[in-house]
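Thanks for coming. I will go through one model this morning, starting with a sheet and ending with a pocket.

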Amino acid sequence: MRTQVGIVGAGPAGLLLSHLLALRGIESIVVETRSREYCEARQRAGVLESGSVQVLRDAGLAERLDREGLEHGGIYLQFAGERRHVDFRDLTGRTVTVYAQTEVVKDLIAARVAAGGAIEFGISDTEVDAVTSDKPILRYTGADGVRREVSCDAIAGCDGFHGICRAAIPADLQTVWESGYPYAWLGILAGVPPSTDELIYAHHQAGFALHSLRSPELSRLYLQVPPDEEIAAWPDERIWAELQRRFALPGWELKEGPVLEKGITPMRSFVSSPMRYGRLFLAGDAAHIVPPTGAKGLNLALADVTMLAGALTSLLRQGSAKLADAYSGTCLERVWRATHFSWWMTTMLHSTPGAGSLEAQLQLSQLRYVTSSRAAATSLAENYVGYRPVPMPG
Ligand code: RFL
Ligand code: PHB
């Protein structure tokens, strides 16, 4: 078989890339180990930067997003018994949109299927080969058990943190930065209308909590838990009791409802450089992971492939390697900004087990600062809505 771009992984990165390439007349195949149903149901991110919304709109993918997405002009930071609003609209003129990753993925798959795009679910034993040649090879076993080999002009590794593409870059040419955190997130999807108009990020001595949402009828809530926690230790009553404790505020009520889904997510910061080796290009979680506190992972994945679609178009249609050569460096600048912001939000809001009381005082001071200084609040806001560098005057 032959195609122009072999794409490994049908997450947001791989799916958007195949769509953007198709719009530019470039053929691709997407191969995915999981089933379509699994990809469409996997609960993950919820917040889209305005730039991500624009990318989806420009690509003709925002019909449902524009109808069902919930535009948010800020967030609440809660600490020391107070809840303060950070007003993104006022500080930056921009907003974010709450629209679940599951919905982004459903829209992308529907668009690819409607356009007759090649996506194979339920494949196994993915291999990439000859990636430093002009004709890299993608091999996999289809859902029918038949081994296939696809000759490509380029391969995109959009296969997430646990994928195989990153390992195709020789270790001596790769630099990895990685750090774990001494806590995880327990996330629930609850069948109850959100108790808040904006997301609430709560600092509490018992641990961080986040109130997010999915729709006018569905809430999404998270609790900081120990990193090796078993979900069995958290029956629904314990989860609600802990959420009630961490969000407690006089005159405000957290509404409870049935827990429709729950899971525990470990947290790490991880960056692998370069994001390109020959004709293999990494994008999204395959190359970098951030802790979810800054709501950046999905947005970085979409930004990477927007860049990559342009780079592959000029490589494959005009024969120009200029953008492909710049791909890794350009992406990594944004990745490092998001990596720092996510680490900063995480360490400001979570309580580190075993840390002395000095840590809590420093966190509270920082939280007071970002909610009282316009300069500090603007810094948080411009990172949250998606930082775009602008030249400094002079
Ligand atoms: P994905 O979504 O992991 O997709 C990779 C796909 O590749 C497949 N795969 C393979 N396919 C073929 N062959 C192989 N050998 C393969 N190995 C793997 C996998 O099955 C999968 O389908 O990566 P992608 O596309 O880079 O997208 C990244 C995002 O999914 C991720 O960054 C975000 O979900 C992170 N994230 C958040 N990001 C935000 O921007 N805003 C948020 O509010 C936000 N909240 C979150 C989050 C992630 C969370 N979890 C569960 C990690 C909240 C949570 C709780
Ligand atoms: C979510 O809605 O799942 C969500 C929102 C904000 C975050 C992380 C996750 O920082």
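**The sheet and its surroundings**

Three strands form an open sheet in the order β3-β7-β4, with antiparallel pairing. At the edges stand β3 (47–49) and β4 (70–72), each with a single partner strand, so one side of each is left without a neighbour in the sheet. From one strand to the next the twist averages 35°.

Before going on, the ground rules. This is a predicted model, where local features need pLDDT of at least 70 and side-chain atom pairs count only at pLDDT 80 or more, while totals for chains, interfaces and linings use all residues. Residues are numbered from 1 along each chain as its sequence is written, chains are lettered from A and ligands numbered from 1 in the order in which they are written, and side-chain values use heavy atoms, leaving out hydrogens and water.

Now some terms. Helices (H or I, at least four residues) and strands (E, at least two) are DSSP runs, numbered from the N terminus. Two strands pair if DSSP finds at least two bridges between them. Angles run from 0 to 180 degrees between N-to-C directions, and axes are lines fitted to C-alpha atoms, for helices over the stretch in contact. Contact means heavy atoms within 4.5 Å.

Back to the sheet. β3 pairs with strand β7 (residues 96–98) in the antiparallel sense over 3 bridges, and Val 47 stands opposite Val 98 in β7. Helix α3 (residues 50–58) packs on the sheet and touches β3 and β7. The direction of α3 makes about 80° with that of β3.

Next, two helices. The axes of helix α1 (residues 12–23) and α6 come within 10 Å and cross at roughly 35°. On the α1 side, the contact residues include Pro 12, Leu 15 and His 19; on the α6 side, they include Gln 101, Val 105 and Arg 112.

Last, the second largest pocket. A pocket is an open set of points on a 1 Å grid over the protein atoms alone, with protein on both sides within 12 Å along at least five of seven lines, whereas a cavity is a set where a 1.4 Å probe fits but cannot get out; lining residues have an atom within 4 Å of a point. Grid points are joined across faces, edges and corners, and a volume is the space filled by probe spheres set on the points.

This pocket has a volume of about 530 Å³. Which residues lie nearest its centre? Of the 24 lining residues, those are Glu 49, Ala 303, Arg 334, Tyr 387 and Arg 388. The largest share of the lining, 7 residues, comes from α9.
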